Amino acid sequence: MRRAWVRLVAVPVFGCALGLASWAAPRVRPAWLHHSDSVQELGAAPSTGPVLTLGLFGRSAVLAVCFLAWVPRRRTRCTALGGGTLYGGLPRGFLARGALSAGGRRFIRGCGSRWVRWW
């Protein structure tokens, strides 16, 4: 991932992924991406599920490699900022999901519209 040609190839790969995502967004149901319904419920052949799952995994792995090729090797000023964002954002997400699954949705709605958008 640290070779120069991988960094150069990452740019058009991200561009193609962005173009494909903007083309597919109005055409693909979100249930395909969230795996919330079975393939039969989505109205597709049973052999479509494993092929699509492997395809999505492959695409996400390629995009992860492209992203990691852009990450600098050395520590920069933004390194601490990124670490702080992760340490603050991940626990908030876990707490929010835990509260929502424990029935906190009514409590959150009672806090006002500003808090509902935040959660």
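## Salt bridge

There is 1 salt bridge in this structure, a term that here takes a side-chain nitrogen of Lys or Arg within 4 Å of a carboxyl oxygen of Asp or Glu. The model is predicted, so local features need pLDDT of at least 70 and side-chain atom pairs count only at pLDDT 80 or more, while totals for chains, interfaces and linings use all residues. Residue numbers run from 1 along each chain as its sequence is written, and side-chain values use heavy atoms, with hydrogens and water left out.

The partners are Arg-29 and Asp-37, with their closest N and O atoms 3.9 Å apart. Arg-29 counts as partly exposed because its relative accessibility is 42%, and Asp-37 is partly exposed too, at 32%. (Buried is under 20% relative accessible area, exposed is over 50%, and partly exposed sits in between, using a 1.4 Å probe and protein chains only.)

Helices here are DSSP runs of H or I, at least four residues long, numbered from the N terminus. Helix α3 covers residues 48-70, and at 1.5 Å a residue its 23 residues should span 33 Å, which agrees with end C-alpha atoms 33 Å apart. The expected span is 1.5 Å times one less than the number of residues.

Gly-49, Cys-66 and Ala-69 are buried in α3, and the buried residues of α3 pack against α1 (4-24). In α1, the buried ones are Val-6, Ala-10 and Ala-24.

Definitions and conventions:
Helices (H or I, at least four residues) and strands (E, at least two) are DSSP runs, numbered from the N terminus. Contact means heavy atoms within 4.5 Å.
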